[in-house]
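Thanks for coming, everyone. Please put the model up on the screen, and I'll talk you through a few places in it.

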Amino acid sequence: MQGAKARRTIPVLSELLKNRVFYLMMLPGLLYIIIMYYIPMAGVVIAFQQFNPFKGIGGSKWIGFENFKFMFQSDTVLQVTLNTILYNLVFLVTGIGFALIAAILINSIGNRLLAGAYKSILLLPYLLSWVVGEYLLFSFLSMDKGILNQLLGSFGIEPVQWYSEPFYWRFILPAAYIWKNVGYFAVIYAAGIAGISSEYYEAAELDGATKFQQAIRITVPMLMPITLILVLLQAGKMFFGAFGDWGMFYNLPMQSGVLYGATDVIDTYIYRSLKQMGDFGMSSAAGLYQSLVGFVLVLISNAIIRLYDRDSALF
Amino acid sequence: MRPSLSISKLVVNAGFMIYSALCIIPMLVVLSISFSKEQSIFQGGYSILPRAFSLKAYEYILGGNTPILHAYLVTIAATIAGTVLHLIISSMFAYTLSRNEVKYRHIVSFLVVFCLLFNGGLVPWYILLSKYLHLKDTFFVLIFPYLVSSVNVLIMRNFFKGIPDEIIESARIDGSGEFNTFVKLVVPLSTPVLATIALFVGVFFWNDWFTAAILIENNKLYTLQFLLQSIMNNIAYLQGNSLVEDIAANLPDETARMATCVLAVGPIVIAYPYLQRYFVKGLTLGAVKS
């Protein structure tokens, strides 16, 4: 192995030959990411084309920034961008905040069996799809049969048309996000708490610190690296193309057009432009816009995290 | 000191019980609707326990050649095939990136990480799969887009790095080829990480509605989640599709809809107690990944 350094002048070919078994094992994965990740990256050029699916990328006309001009002319893009950013900020703060509290409280429960049961139940929604989430939510919000309107009715309150009142969705969506994800974050935090040495708590106990003070002064700061990673990952997902977790925005409101102002985000907007209108120009321009904003967001949050704690940064 | 402590414990426990109830009650309602008489739903609305018990919805769904059974088969096949292929390709890929003797591992690792930062977006992805790879409306398209994920490769690579070099070195001295070492030695040593990733990927394939929604038109290839979504939404573009119209016309509507949902969730909930610890382990692995 050590000899490899001395023979640095050997050409690429002899490295490939020497470790040919490794490179053969690498080949399917490498080819795959080139095909499925890098070719689509090059494919963003269609945002500058009047793309014709029959002629393909080579045959379509180049139109410069026309698609972008067209896109930014409508108010919709601004609206969905704002929605995307605001919802994700709310998700980030409430999701991580609730999870931190939940993890600390679960850890304070002496009864192992109960603590384990709570963890299991909290994590279960994480494994369900948003399509299933749509069904679960519908059983509560259905106008004529839903549990919530029945409950309101028993207090003499008029039934609410949940699927046509945008106002409520600004709270329903964050609640749904928390319902699905808090268990996931909490389990990560719980593992982090388990890794904190008990000496800190014993010392604090001797100094007369209350449980609450211990949580604020020891647990929360010690969990900071995990919090930073979660923030970074979530910030990246915010604008992460079609492959982030946007199913909730598409499924939960059940395609109710009245709600779009409150529920539409960039992904649903792109998806609908492509799927229902077949508008390649618009949706690819919006897609490139989204990818670029996402890229910048990751760089910014990474830079901030780097300032705070070098080791937690992604690069 | 004692009594106040137990009061705070009581409050914490009560809080968690309420939250747990909130997690479980929606599932109970859907379950209850699926076991109710259609008539009782129409009269009294949804409830946590069935007002009038009936198995009609399940009899309908499971009796005979309904689209739901077909979607079940498609989903099971995609989940198994997708998970196996994902594991094979990604684990070999990750292993080569973990070995010091592979000189170009840094460049390739960078290529993997960069996919996390930037992506081409939905449209080029769609055009690639449909126009250039000609995978639209094939079973394979349900699997192919998700065979390698950067995050999973990085998690596996970090796990493989933790395997002591001496073990691999000694296998080499015993005359084992590199591939043989990987299959016979590294894979068995890595079952915790492989099992966890298999579970995550499996759940992903099971829950995937998106791929079918955008790349499948042939109703023989509908996945369970997509069928579920179509039944619920009855979206405009699906009208005129005889299969979905059949469902709309012939189902014991509400109860069967919810029964389909129960069948889609069922396998996950039933397997959950056994698989849970792998999930927890995997989440922890992901967290210390950086």
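A term to begin with. Patches are made of residues with over 30% relative accessible area and no salt bridge, where like charges are joined within 9 Å and nonpolar side chains (Val, Leu, Ile, Met, Phe, Trp, Tyr) within 5 Å. A salt bridge is a side-chain nitrogen of Lys or Arg within 4 Å of a carboxyl oxygen of Asp or Glu. Areas are Shrake-Rupley values with a 1.4 Å probe, and for residues only the protein chains shown count as cover.

Some housekeeping. This is a predicted model: local features need pLDDT of at least 70, side-chain atom pairs count only at pLDDT 80 or more, and totals for chains, interfaces and linings use all residues. Residues are numbered from 1 along each chain as its sequence is written, chains are lettered from A and ligands numbered from 1 in the order written, and side-chain values use heavy atoms, without hydrogens and water.

Now the surface. B:Ile24, B:Leu28, B:Leu31, B:Ile48 and B:Leu49 make a nonpolar patch of about 400 Å². B:Leu49 is exposed, at 64% relative accessible area. Exposed means over 50%, buried under 20%, partly exposed in between (1.4 Å probe, protein chains only).

Next, helix α6 of chain B, residues 122-132. Helices are DSSP runs of H or I, at least four residues, numbered from the N terminus; strands are E, at least two. Nine of its eleven residues are buried, so α6 is largely enclosed by the rest of the structure. Among them are B:Trp125 and B:Tyr126. What covers the buried residues includes α16 (266-275) of chain A. Contact here means heavy atoms within 4.5 Å.

A:Ser273 sits in that α16. A:Ser273 is buried, at 4%.
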